[in-house]
Amino acid sequence: MTTLSIHNLCKNFGGVAAVSDVSMEIPAGKITGLIGPNGAGKTTLINLITGILSVSSGNIRFGDQDLTHSPAHMVARSGITRTFQNIRLLTEASVIDNVMIGFYRKETTTTTASLLGLPFARRESAAIRERAAGLLDRFGMLHLAAHEAGGLAYGHQRRVEMMRALASEPALILLDEPVAGMNDVEAGELGDIFSQLARDGMGVLLIEHNVRFVTKRCDHVYVLDSGRMIASGTPTEVVNNPAVITAYLGA
Amino acid sequence: MTDFFTTYHHLFNVFLIGSGYALSQWVVMRAGVFSVATAGLASIGAYGAAILTTSYGWPYPLALLAGTLLGTGAGLLLSWPLARLRGVFQAIATLAFVQVVVALALYSDSLTGGAMGLNAIPTLVGTGETLIALVLVVYLMLAISATRVGRAFEAIRQNEAVASSLGVSVNFHQSLAFALSGAIAGLFGGLEALQSFALFPNTFGFPLVIAALSYVVLGGRRSVAGPIVGAAILLVLPELSRPLADYRMALYGAILMLVIAFMPRGIVDTARLHLRRRSLAKSGQPEARE
């Protein structure tokens, strides 16, 4: 059970403070919400956590590891995965290849074994292909396994990205607007999956615009506006907070 | 008859070596690196192997190994400053590297013979050795494609942010790709040196940069067969169309333009995509779009 803790995190782009003095906790086994108007710094915060952007000041800890200055691939190896606001798939690769790369973190094949094509490396690849097929089956997409990912419908692309993030059984998953552009039924289905993941002990950070979705699914909600944390608490507390209403609706 | 044989025998050797250079170019591009350093790395391997055999009397397997290691080392060294560059900036920086190698070969007279070239290199290898080397390299490339490193390369090539968010180290794999490219280029540079009597700095200049790139673009960037098919077409076709000999370069350019315009993925990859789509359609799979 690892908790991600962020303390006084700041990020400046030149003179602009995109994230300033943000502190938050993302515990395992819970869905933590992060809402805020456009340009509030939500995606910047995810990029800071995942090591895509460098931190200006403050720190990020995951359990007893300090991830403040870890490069992206090391953050991923510590058990944190993400999905992207604008879906990012390997568009030329097949659906199953897209899911297979999700297992990369768990692979034990060494570079040398892979270069030489040793039997062990080939066996592990075959095993991963099978596990990826299993995952596709669970998400009802096995019949699309050989299709090129870039040609899939939007909803299917979202699901492929989700499977890829879940393949390595992360301890924490950061979801950047995962139900954007979906109708209530589709969003509900995905929401059930998120709730199940949290029940299984995974930490979930949910960035979302859809306040109804957030209040229904989250255990705790943080509100970001212009790079500052303006409120946090249970979903009901937060949506009734005057500062939040002002941020969303204007004064 | 003997004429016929020697003509095409030589052409076959040229094709084998061209395929080696093509694979050296292919492997970096596979990992999303737009390097054109193959010509320079081949030059280092070629001069290394040639000097070690002519001046120091090394046996050819050792000289080839040394050429391979020199290429690998040069590739690794090159990857270090280039790690922060991407796309066309990598291409320009590696092109500069190729020119530096040409210049060094021109000006270090005592070692390389300068503009007069390195002459009287003993012919120590032939079709057999070159073919074995190519088969070996093809095996390694197929092995990579089928296993973990290949998946990492593919992910990095298509989207670096995705690759690193899944735990793939971009720097490590791009250095690895440079090292592999250097090893292959060094090996085939050595093989070329030990079967062509003489080496000149400009053998490994801009024309080879373009040739190696063209093989990959024409043949295809994903499958291992792509660069080999590309090399075969671009090297063999002009030779077979003897009546058009005067227009060789024009023919070369025309083929390249047609392929880029109509098959941007290259011949082999386009064909494979076509076959895959046909088999998906045949097996009665529902169309992916809703």
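The model is predicted, so local features are described where pLDDT is at least 70 and side-chain atom pairs count only at pLDDT 80 or more, while totals for chains, interfaces and linings use all residues. Residues are numbered from 1 along each chain as its sequence is written, and chains are lettered from A and ligands numbered from 1 in the order in which they are written.

**The six-stranded sheet of chain A**

Begin by selecting the strands of the open sheet ordered β6-β7-β8-β3-β9-β10 in chain A, where the pairing is mixed. Strands (E, at least two residues) and helices (H or I, at least four) are DSSP runs, numbered from the N terminus, and two strands pair if DSSP finds at least two bridges between them. At the edges stand β6 (80-82) and β10 (228-233) of chain A, each with a single partner strand, so one side of each has no neighbour in the sheet. From one strand to the next the twist averages 20°; axes are lines fitted to C-alpha atoms, for helices over the stretch in contact, and angles run from 0 to 180 degrees between N-to-C directions.

Next, select residues 31-35 and 220-225 of chain A, which are strands β3 and β9, paired in the parallel sense over four bridges. Opposite A:Thr32 you will find A:His220 in β9(A).

Helix α7 of chain A (residues 184-199) lies across β3, β7 and β8 of that chain, at about 150° to β8(A). Helix α1 of chain A (residues 42-49) lies across β3, β6, β7 (172-176), β8 (203-207) and β9 of chain A, and runs at about 150° to β7(A).

**The four-stranded sheet of chain A**

Move on to the open sheet with the order β2-β1-β4-β5 in chain A, where the pairing is antiparallel. Its edges are β2 (16-26) and β5 (65-66) of chain A, and because each has a single partner strand, one side of each is left without a neighbour in the sheet. Helix α1(A) packs on this sheet, touching β1, β2 and β4 of chain A, with its direction at about 70° to that of β2(A).

Select β1 (residues 4-13) and β4 (residues 57-62) of chain A, which run antiparallel and are joined by five bridges. Here A:His7 stands opposite A:Asn59, and A:Ser5 has A:Arg61 as its bridge partner.

**A residue in helix α10**

Select A:Tyr248, which is in helix α10 of chain A (residues 242-249). The C-alpha atom of A:Tyr248 is 7.4 Å from that of A:Gly36, although 212 residues separate them along the chain.

**Where chain A meets chain B**

Finally, show both chains: 35 residues of chain A are in contact with 30 residues of chain B, contact meaning C-beta atoms, placed from the backbone, within 7 Å. On the chain A side, α2 (72-77), β6, α4 (111-116) and α5 (119-138) each supply at least two residues.

Technical notes
Two residues are in contact if their C-beta atoms, placed from the backbone, lie within 7 Å.
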